[in-house]
Amino acid sequence: MPKQRNQKNRNNKKNVNIKPGKNFSRILGTKDVTVKDFDNWEIVKNNITDFLHRYGFKQIETPILEKAELFKSSFRNNDPKEFYSFISDKKEKVVLRPELTQGILRAYQEYNLEEEMPHPVRLFSVGPVFRQEKLQNGRYRQFNQVNAEVIGEDKPVSEVLLMVTAYNMFKDLGLNVEVQINSLGDKDCQKEYKNKLTAFYKERGKRSKLCNSCKKLLEKDPLALLDCKEKECMEIRKDAPQIADFLSEDSREHFSKVVEYLDELDIRYNFDPYLVRGLSYYNDTVFEIWPLDEKENAQFRYSLGGGGRYDNLVEKLGNKATPAVGMAIGLERALTKIKEQGLILFPKPYNLIFIAQISEQAKIKSLQIFEELRKEGYNVRHSFATNSLKTQLEEAKELDARLSLIIGKKELNDDTILLRDMDSGVQEIIPQKKIKSDINKKLK
Ligand code: AMP
């Protein structure tokens, strides 16, 4: 999280000569993927998208800007303050999408994907989302999600598919996770449960102890109170009625199937009666993916992903009633966790050949050789930045190169090149025309 600068002092300075890079900093709640992190960032993203492809999901990309209307029924407390919005030149209220699901569902309808794709329709999307949330560690205002949806299937197997995909995907990245699950029941049982919950919190002595936010939410959305992390509210919650006692026959059966499948698939899960999720459109199964913190002093305690069933949302968005499930995974949080656990993801490049040069002319020749080898499919790297051989060989070592080709003035005149085995350090002078055959021999 960037340090907050002293805004008052800054504004007081008159005629300040603004030097970019010195006075500008990131907007609070945003994050750079720096050069140091970029490889891991890409690996995490590619690993997750690769997993989804293998599990039969097709990728789709939708715009960051959408009509505000689309998100009307998204957030628990439906607080428009959370949205970054503006009025467009067409006098439409536009938002920077706060999540990906609605854009995917809009596209599903707009391109008639129900007819175009095999059933159930499995889609995923990756990209930034924007929420004007309270600033906290691990909570950003612009962050990236991978979002997967299964549309058109009411059977429990579709939410299990999402949980299994996420669970195995994190395991594959080296993270031990657990799935937290709960059922919010169908519309009718949710209604009855909400009434009971409101009555419970209104009982004498309870309401006054609630935090201000819970007091405000009690009438509008009592389920949200179960999600509150304030100490007093959590204490009161211990005696609250539980949704499990209000589930209809169908909802109970649906949820027990989910649990049965998770057992069969050997997925580590935990039943959490307080899990309600921050989005208000869920029914029946909801879940979150949590890291299992072996390290006692782990500073990071946040869900890595979450989702659930939303059988009414497609219809609310103007389509015909269609059952669906979805989940979102936070890329920043996945990367933070991977870094925290010291997991190194960057794969060693295979049979890498590093090309070094020791003069301006040699640089041009080395570029020619680089391009010839690259076109032939060799895994080549070049250092354009420096003429220092020492620095270049250090870079080759860092990249774990198998061989280095070194060219200086002498080699340029002789039409030769130095071939260095990076493990043994042995170097030999070879004719430039034999580069490929000699490399092939070495790489065998
Ligand atoms: P949600 O869309 O709120 O269901 O969140 C799904 C996942 O997105 C979470 O489990 C996090 O990994 C990630 N996420 C949600 N909110 C934030 C945030 N403000 N900053 C960073 N990651 C977030």
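Residues are numbered from 1 along each chain as its sequence is written. In this predicted model, local features need pLDDT of at least 70, side-chain atom pairs count only at pLDDT 80 or more, and totals for chains, interfaces and linings use all residues, while side-chain values use heavy atoms, with hydrogens and water left out.

**Exercise 1. Describe the surroundings of Phe86.**

Step 1. Phe86 belongs to strand S3. Its relative accessible area of 38% makes Phe86 partly exposed; buried means under 20%, exposed over 50%, and partly exposed in between (1.4 Å probe, protein chains only).

Step 2. Contact means heavy atoms within 4.5 Å. Neighbours within four places in sequence aside, Phe86 is in contact with Leu65, Glu92, Lys93, Val94 and Leu96. The C-alpha atoms of Phe86 and Leu96 are separated by 8.8 Å, and the two residues lie 10 residues apart along the chain.

**Exercise 2. Is Ser404 buried or exposed, and what does Ser404 touch?**

Step 1. Ser404 is found in strand S14, and S14 (residues 403-407) is joined to S15 (residues 416-421) by 4 bridges, the two running antiparallel. The bridge partner of Ser404 in S15 is Arg420.

Step 2. Ser404 is buried, with a relative accessible area of 0%. Not counting residues up to four places away in sequence, Ser404 touches Phe354, Leu393, Ala396, Leu418, Leu419, Arg420 and Met422.

Step 3. Leu418 stands opposite Ile429 in S16. S15 and S16 (residues 427-431) run antiparallel, with 5 bridges between them. They form a hairpin with 5 residues between them, and Gly425 in the turn has a positive phi of about 80 degrees.

**Exercise 3. How many residues of helix H3 are buried, and what covers them?**

Step 1. In H3 (residues 101-110), 8 of the 10 residues are buried, including Thr101, Ile104 and Tyr108.

Step 2. The cover over the buried residues includes S2, H4 (113-116), S5 (121-130), S6 (142-151) and H10 (313-316). Just after H3, Asn112 has a positive phi of about 50 degrees.

**Exercise 4. Which helix gives the most to the lining of the second largest pocket, and what classes of residue line the pocket?**

Step 1. On a 1 Å grid over the protein atoms alone, a pocket is an open set of points where a 1.4 Å probe fits, with protein on both sides within 12 Å along at least five of seven lines; lining residues have an atom within 4 Å of a point.

Step 2. The second largest pocket has a volume of about 330 Å³, a volume being the space filled by probe spheres set on the points. Of its 18 lining residues, Asp154, Asp250, His254, Asp284 and Asp311 are the closest to the centre.

Step 3. Helix H9 (residues 249-264) gives the most to this lining, with 6 residues. By class, the lining has 4 nonpolar, 4 polar and 10 charged residues; Asp, Glu, Lys and Arg count as charged, Ala, Val, Leu, Ile, Met, Phe, Trp, Tyr, Cys and Pro as nonpolar, and the others, Gly among them, as polar.

Note on methods: Two strands pair if DSSP finds at least two bridges between them.
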